[in-house]
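Visitor: I am new to this structure and would like to learn how to read it. Please show it to me and take the features one by one.

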Amino acid sequence: MRKILGLAIVLSLSLSGRVWAQSFTVVPTAAVGVDGNSGTNTPIRSVARTLQVILSASELGGISVGDTLEGIAFRLDKSEISQPPFDLNFASYDIFLGQAALTPTTMSSTFADNYLGGTRVQMRSGGLTMPQASLPFGGNPNSFGSQIAFNLSGGKYTYTGGDLVLEVRHTGNAATDFQLDATLNNAVAAARVGNTSTATIEDATLGPRVPVMRLQFTSMAPEPGSLALLGLGAGMGLLVRRRTRQS
């Protein structure tokens, strides 16, 4: 009977499986389903900028250690009309991710100091075109625009836990400015802004805000039939045990 019990458990585990499931989460969470309490043009500014954000681990809803981040998207502030008015072209739009050495409330004005040593990874490089009218408007809040996909490191950043640093460095679109949805700096999400694409320290005169972002990520999830198979195996095991006791 014990051999049958073992075979039942092995069968259920071998037939079960896990698949990659793509998901999205909105940060800061204070702006989930509502417009943020501020606005920012830093991520899409006409002139070069560096934006660095620290997000508390508590903000990363649904993202677990081992999950992979694959892109970000922004949304318009509710005060805006259709944007952009024409295609916007950035000669360079770089994105970096890493584990935070500091918290949103202790964030340094020196960008490098906010990373835990050796964890900064460049996830995107090269030019970026933001198509005309690609950011929906008329909502409260507005829907998100097109995803800006990562194109380095296989397009996947593996989350290792803790607070997260997200950094955008761009050369400017050289044409126009408008407001994206954002929140003020707070205890779980804070930003610093540099006045060039190669800045090493914050320019405090620029009034940093945390843009509302949709993070695309992929997590390991059980296949639809996996839990049922595991349940079947457990049930078979209980049945075998009962019969063993009765005998």
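Guide: Begin with the terms: helices (H or I, at least four residues) and strands (E, at least two) are DSSP runs, numbered from the N terminus. By that rule the protein has two helices and 15 strands. The model is a predicted one, in which local features need pLDDT of at least 70 and side-chain atom pairs count only at pLDDT 80 or more, while totals for chains, interfaces and linings use all residues. Residues are numbered from 1 along each chain as its sequence is written, and side-chain values use heavy atoms, with hydrogens and water left out.

Visitor: What does the protein average in pLDDT?

Guide: pLDDT is the predictor's confidence in each residue, from 0 to 100. Here the average is 88, and 82% of the residues score at least 70.

Visitor: How many of the residues are buried?

Guide: Buried means under 20% relative accessible area, exposed over 50%, and partly exposed in between (1.4 Å probe, protein chains only). Buried residues make up 46% of the 247 in this protein.

Visitor: Which residues have the most contacts inside the largest nonpolar core?

Guide: In soluble globular proteins, nonpolar side chains tend to be buried together. A nonpolar core is a set of buried Ala, Val, Leu, Ile, Met, Phe, Trp, Tyr and Cys residues joined through side-chain atoms within 4.5 Å. The largest one here has 36 residues, and those with the most contacts inside it are Leu-60, Leu-69, Ile-72, Tyr-93, Leu-97, Phe-178 and Leu-215. Strands that each supply at least two residues of this core include E3 (49-55), E4 (68-74) and E15 (213-222). A second, separate core of seven residues includes Met-107, Tyr-115, Val-165 and Ala-190. Returning to Phe-178, the residues it touches include Thr-40, Ile-44, Leu-88 and Met-130, leaving aside residues up to four places away in sequence.

Visitor: How many salt bridges does the count come to?

Guide: A salt bridge is a side-chain nitrogen of Lys or Arg within 4 Å of a carboxyl oxygen of Asp or Glu. The count comes to six. One joins Asp-177 and Arg-45, with the closest N and O atoms 2.7 Å apart. Asp-177 lies in the loop between E11 and E12 and Arg-45 in the loop between E2 and E3, so the pair ties together parts 132 residues apart in sequence. Asp-177 is partly exposed at 33% relative accessible area, and Arg-45 is partly exposed at 21%.

Visitor: Which residue forms a salt bridge with Glu-70?

Guide: Lys-156 does, with the closest N and O atoms 2.8 Å apart. Lys-156 is in the loop between E9 (148-149) and E10 (157-158), and Glu-70 is in E4, so this pair ties together parts 86 residues apart in sequence. Lys-156 is partly exposed at 42%, whereas Glu-70 is buried at 8%.

Definitions and conventions:
Contact = heavy atoms within 4.5 Å.
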